[in-house]
Amino acid sequence: GYDVNDTFEQRRGKIFNVLEKRENGFPKYALVNWNDGTITKEYVIFSEEKVNSNLSFNNGAISEINKITGIDNRIDFNIEKLNIEFNENNGKKVNYNGKFKDEKRVNWGASPGARASVDSEFFSLQRLYDVDQNIVADYLNKLRVKKGLTKVGLTKLFPKEYKHTVGHWLRKDLGGSLPSMKDWFLLSSFLGLEEWMTNYVCKRALKLQAVKNGEFKLPRDFISNSFVDELSKLYE
């Protein structure tokens with residue numbers, strides 16, 4: 001019943017079945033029913049640190065990606081074949097009557113229980129890895145040069161609406177950006193992108209979001225005293 005926001009295709013859905021759980025009970029794989037009529041199997045992130053530890057870098061390039069990249073989340077499921085009954089009440093917020101009901105957000109402190117109780121939790125569909133845009137830009141430029149294409153030449157291979165988009169994928173400054181999933185596979189048809197890089201850039205997963213933007217910052221949004229000390233040394 002948890003809501004899911006797709007950050008790639010701007011669609012919404014709901015989790016209606018947990019296929020596999022971790023030892024601590026947190027979901028590992030779940031089925032999502034999207035408002036466009038499709039159903040997908042998604043991997044659920046429990047620890048971003050552990051996910052990104054699956055990557056090994058060598059001189060700024062990825063030398064190894066753990067078996068976690070074998071996540072199969074591109075298969076769309078046929079709901080008729082699953083024979084699953086939906087509960088229309090799933091996902092609807094229940095009136096909260098706990099101890100934080102009448103407290104202002106500033107008084108919730110860092111308690112995840114408080115925030116989860118008062119605010120609705122939801123999942124977002126996002127990239128599995130914390131992708132380094134600079135590495136991707138280097139990789140695309142390397143293949144572009146290998147194909148004998150200039151930046152303008154590569155841009156001309158795309159439809160006209162990409163005129164001011166393709167160049168940003170090749171930049172390593174603040175103007176750089178990552179291709180969308182759809183654009184990545186279009187790029188692959190021109191440059192022949194390798195599977196290991198596609199896994200790095202395009203593997204997706206669900207991440208639990210439990211806090212809405214509010215009036216007050218949570219304690220973790222402030223810089224630490226040790227960081228302040230380091231900054232103060234610059235002015236000594």
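## Helix α7 and its buried side

Which residues of α7 are buried? In this predicted model, Met181, Asp183, Trp184, Leu187 and Leu191 are the buried residues of α7, where buried means under 20% relative accessible area and exposed over 50%, with a 1.4 Å probe and protein chains only. These residues cover an arc of only 150 degrees around the axis, taken from the directions from the helix axis to the C-beta atoms, and therefore lie on the same side of α7. An α-helix has 3.6 residues a turn, so residues three or four places apart point the same way.

On the other side of α7, Lys182 and Ser189 are exposed. The cover over the buried residues of α7 includes β8 (122-127), α4, α5 (151-156), α6, α8 and β9 (204-209), with helices (H or I, at least four residues) and strands (E, at least two) being DSSP runs numbered from the N terminus. Just after α7, Gly192 adopts a positive phi of about 70 degrees.

## Packing of α7 against α8

The axes of α7 and α8 come within 11 Å and cross at roughly 165 degrees, the axes being lines fitted to C-alpha atoms over the stretch in contact, with angles running from 0 to 180 degrees between N-to-C directions. The two helices are therefore roughly antiparallel to each other, a label that applies to angles over 145 degrees.

Met181, Trp184 and Phe185 in α7 meet Met197, Thr198, Val201 and Cys202 in α8, where contact means heavy atoms within 4.5 Å. Leaving aside neighbours within four places in sequence, Val201 is in contact with Arg127, Val131, Val136, Met181 and Trp184.

## Nonpolar cores

A nonpolar core is a set of buried Ala, Val, Leu, Ile, Met, Phe, Trp, Tyr and Cys residues joined through side-chain atoms within 4.5 Å. The largest holds 29 residues, of which Leu140, Trp184, Leu187, Leu193, Tyr200 and Val201 touch the most other members. Two or more residues of this core come from each of α4 (133-146), α6 (166-169), α7 (181-191) and α8 (195-202), and α4 gives the most, with five residues. A second, separate core of ten residues includes Val32, Phe123, Leu125 and Leu206.

## Whole chain and basis

The protein chain has nine helices and nine strands, and 33% of its 236 residues count as buried.

Residues are numbered from 1 along each chain as its sequence is written. Local features need pLDDT of at least 70 and side-chain atom pairs count only at pLDDT 80 or more, while totals for chains, interfaces and linings use all residues, and side-chain values use heavy atoms, with hydrogens and water left out.

Notes:
Parallel < 35°, antiparallel > 145°, perpendicular 65-115°, else oblique.
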